[in-house]
Amino acid sequence: MAEQTPEQQEIPIFRMQKMYIKDFSFESPNAPKVFLVRNQDPKVDFNLQLKNQKLDDDHTEVSIAITAKVLDKNNEDAVMFIVEIEHAAVFLMKNIPEEHHERVLAVDCPLMLFPFTRQIVCQVAVDGGFMPFLMEPINFIALYDNAQRQQKDA
């Protein structure tokens with residue numbers, strides 16, 4: 001094997017190594033009555049939270065926790081369904097400068113993980129008897145930039 005030069009040893013490495021569901025819940029408290037109602041007008045209460053936890057020098061767990069409560073505005077805000085998920089992944093972050101870690105964890109990791117989270121939530125809504133629940137794409141860059149601005153203003 002050829003020896004690595006110092007430049008090769010310092011190349012930043014970033015990749016998702018394992019993805020998994022940590023917590024998951026789907027409820028349809030008004031089934032089967034909810035399926036008999038005509039002209040439903042869904043309204044969504046949506047909450048998203050990002051978490052990260054350093055596992056060792058090179059590995060960090062990043063999770064997206066989502067709670068989505070879908071209500072029918074035309075039926076006294078009757079609950080159609082509730083989805084709660086904490087979807088996580090272990091990321092390898094090696095030779096990434098420390099000053100970039102916060103942004104990588106708040107932007108790059110969720111950008112890689114969210115499409116899979118979105119697909120799981122969409123599929124469970126269908127499996128629960130509802131139309132596909134397609135969450136809008138999330139601009140993690142804007143969320144991060146807004147949080148940074150708020151920190152500076154505080």
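**Briefing: sheet, covering helix and selected residues**

Asn95 is partly exposed, with a relative accessible area of 30% (buried means under 20%, exposed over 50%, partly exposed in between, with a 1.4 Å probe and protein chains only). This is a predicted model, in which local features need pLDDT of at least 70 and side-chain atom pairs count only at pLDDT 80 or more, while totals for chains, interfaces and linings use all residues. Residues are numbered from 1 along each chain as its sequence is written, and side-chain values use heavy atoms, leaving out hydrogens and water.

**Sheet and helix**

- An open sheet is formed by 4 strands in the order S1-S4-S3-S2, with antiparallel pairing (strands are DSSP runs of E with at least two residues, helices runs of H or I with at least four, numbered from the N terminus; two strands pair if DSSP finds at least two bridges between them).
- S1 and S2 are the edge strands, each pairing on one side only.
- On average, neighbouring strands of this sheet are turned by 15 degrees against each other, direction ignored (axes are lines fitted to C-alpha atoms, for helices over the stretch in contact, and angles run from 0 to 180 degrees between N-to-C directions).
- Strand S3 (residues 59-72) pairs with S4 in the antiparallel sense over 14 bridges.
- Opposite Val90 in S4 stands Glu61.
- Helix H2 lies across S1, S2, S3 and S4 and runs at about 140 degrees to S4 (contact means heavy atoms within 4.5 Å).

**His87**

- Strand S4 (residues 78-94) contains His87.
- His87 counts as buried because its relative accessibility is 2%.
- The side chains of His87 and Thr117 make a polar contact at 2.6 Å (a pair of N or O atoms within 3.5 Å; within protein, one must be able to donate a hydrogen and the other to accept it, and residues adjacent in sequence count only if both atoms are side-chain atoms).
- Leaving aside residues up to four places away in sequence, His87 touches residues including Met19, Ile21, Val62, Ile64, Leu113, Phe116 and Ile120.

**Loops and backbone**

- Ala31 and Pro32 are joined by a cis peptide bond, with omega about 5 degrees.
- Pro32 is in the loop between strand S1 (13-27) and strand S2 (42-54).
- Asn39 is placed in the loop between S1 and S2.
- The phi of Asn39 is near 55 degrees, a positive value in a residue other than glycine.
- With 67% relative accessibility, Asn39 counts as exposed.
- Asn95 lies in the loop between S4 and helix H2 (98-127), and has a positive phi of about 65 degrees although it is not a glycine.
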